[in-house]
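Me: Hi! Could you walk me through this one while I have it open on my screen?
Reply: Happy to, let's take a look together.

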Amino acid sequence: MADPYLPYTVTIRNITIENDARDIKTFELVFADQTQRDSFDFVPGQFAEISIFGAGEAPIGIASSPLDADCITFTVKKYSTGVVSSALHNCEIGQTIGLRGPFGNHYPFDQMAGKDIVIVGGGFAVTTLRSTIRYLLHETNRSKFGKITFFYGARTPGELIYHDEISSWAQRSDIDVHLTVDNPDDSWTAHTGVVPAVVTSVAPTSENSIALVCGPPIMVKYTIPALKDLGFTPEQIITSLEMRMKCGIGKCGRCNIGSKYVCIDGPVFSVAELEKLPQEF
Ligand SMILES: Cc1cc2nc3c(=O)[nH]c(=O)nc-3n(C[C@H](O)[C@H](O)[C@H](O)COP(=O)(O)OP(=O)(O)OC[C@H]3O[C@@H](n4cnc5c(N)ncnc54)[C@H](O)[C@@H]3O)c2cc1C
Ligand code: FES
């Protein structure tokens with residue numbers, strides 16, 4: 001991108017309501033021409049700045065896979081007092097919005113190659129993990145990685161997003177899916193309980209494995225020790241941080257932790273890297 005502050009204009013092609021509360025929506029965006037999509041070259045874990053003209057912009061993790069050739073997907077929760085998230089939720093199919101990016105680093109696919117992958121997600125923060133799983137399961141990539149085990153939890157069944165897609169993953173023989181909720185309803189047949197407890201009971205091996213963890217801070221906080229108890233070292237546990245950001249490109253100083261800017265040095269960090277930083281996240 002020539003001017004990193006200048007957004008592409010993209011059109012909303014589809015909107016999916018993801019949860020019972022109807023405050024999480026997935027937006028499929030298409031570029032004005034395919035050459036712009038081709039030059040928007042990203043790797044799962046990266047984010048983009050979405051702008052609603054007249055409202056502002058916000059960093060949002062990319063939820064689609066780079067191998068989804070025709071569109072880019074984002075899943076956004078509406079905060080009742082949130083300026084950008086509310087404006088985006090008021091948008092309709094066919095409307096034009098802005099997109100800058102891709103920004104930040106990504107999950108370490110070179111390091112993950114040949115290893116078993118344990119993926120732990122919670123709530124709507126599972127977006128970049130969805131991008132990752134779509135990428136790993138793609139026929140051009142699946143043989144490069146070992147066993148994939150996916151843990152995903154929310155408070156209630158109605159808060160689990162990507163419902164149909166995750167159900168289709170659960171039917172496959174090349175990924176183990178473990179869903180859990182804190183408060184099940186009568187139709188719930190999977191795990192009950194918090195994510196770290198389910199990780200502990202399923203006990204994926206740490207040998208030749210990498211764990212990716214992304215979710216609400218409380219879930220990440222308790223999942224990391226659960227993985228360490230299973231033998232995962234801080235280098236083998238990768239997580240993604242959501243700090244407040246403005247520019248997204250290391251210029252404004254809004255997102256730093258110690259000497260690191262989360263927008264360019266992150267948002268993806270190993271626990272080994274985070275343990276060397278001030279605990280400001
Ligand atoms: C790297 C990165 C990736 C992100 N990915 C996603 C994503 O995939 N989907 C998504 O929905 N959001 C994501 N976010 C959060 C997003 O950038 C915004 O913070 C969020 O959409 C709210 O913006 P807003 O303008 O509506 O709220 P603002 O107008 O900025 O804030 C209004 C109110 O909401 C509260 N608030 C704002 N953001 C948060 C938050 N993250 N958690 C709790 N309270 C908050 C504020 O404290 C304030 O009270 C990501 C953030 C980062 C840094
Ligand atoms: S958001 Fe501006 S420096 Fe990171």
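**Chat about the model**

Reply: Leaving out residues up to four places away in sequence, S240 touches Y107, V213, C214, P267 and V268, where contact means heavy atoms within 4.5 Å.

Me: Before we go on, what sort of model is this?
Reply: This is a predicted model, where local features need pLDDT of at least 70, side-chain atom pairs count only at pLDDT 80 or more, and totals for chains, interfaces and linings use all residues. Residues are numbered from 1 along each chain as its sequence is written, chains are lettered from A and ligands numbered from 1 in the order in which they are written, and side-chain values use heavy atoms, with hydrogens and water left out.

Me: Thanks! Is S240 buried or exposed?
Reply: S240 is buried, at a relative accessible area of 16%. Buried means under 20%, exposed over 50% and partly exposed in between, using a 1.4 Å probe and protein chains only. S240 belongs to strand 12 (residues 237-240); helices (H or I, at least four residues) and strands (E, at least two) are DSSP runs numbered from the N terminus.

Me: Now the ligand. Which residues come nearest to ligand 1?
Reply: There are 20 residues around ligand 1, and P59, T75, K77, V83 and S85 come nearest. To be near, a residue needs a heavy atom within 4 Å.

Me: Which element gives the most to that shell?
Reply: Strand 4, with four residues. Strand 4 (56-61), strand 5 (72-77) and helix 2 (83-89) each supply at least two.

Me: And what polar contacts does ligand 1 have?
Reply: A polar backbone atom of P59 is 2.5 Å from an oxygen atom of ligand 1. On the side-chain side, a polar atom of Y79 lies 3.1 Å from a ligand nitrogen atom, and one of E242 lies 3.4 Å from a nitrogen atom of ligand 1. A polar contact here is a pair of N or O atoms within 3.5 Å.

Me: Switching topic: which residues touch the most other members in the largest nonpolar core?
Reply: Y107, M112, I117, I119, L136, F150 and L212, out of 32 residues in that core. Such a core is a set of buried Ala, Val, Leu, Ile, Met, Phe, Trp, Tyr and Cys residues joined through side-chain atoms within 4.5 Å. Helix 4 provides the largest share of this core, five residues.

Me: What does L136 touch?
Reply: Not counting residues up to four places away in sequence, L136 touches F109, M112, I117, I119, N141, R142, F145 and I148. Another core lies apart from the largest one, with 23 residues that include F42, I50, I60 and V84.

Me: Which peptide bonds are cis?
Reply: One of them runs from G101 to P102, with omega near -5°. G101 lies in strand 6 (residues 96-103) and is buried, at 8% relative accessible area. A cis bond also joins G266 and P267, with omega about 10°, and P267 sits in the loop between helix 8 (262-265) and strand 15 (268-270).

Me: What about phi at Y162 and N208?
Reply: Neither is a glycine, yet phi is positive, about 55° at Y162 and about 50° at N208. Most residues other than glycine have a negative phi. Y162 is buried, with a relative accessible area of 4%, whereas N208 is partly exposed at 45%.

Methods
Polar contact = N/O pair within 3.5 Å; in protein donor to acceptor, adjacent residues only side chain to side chain.
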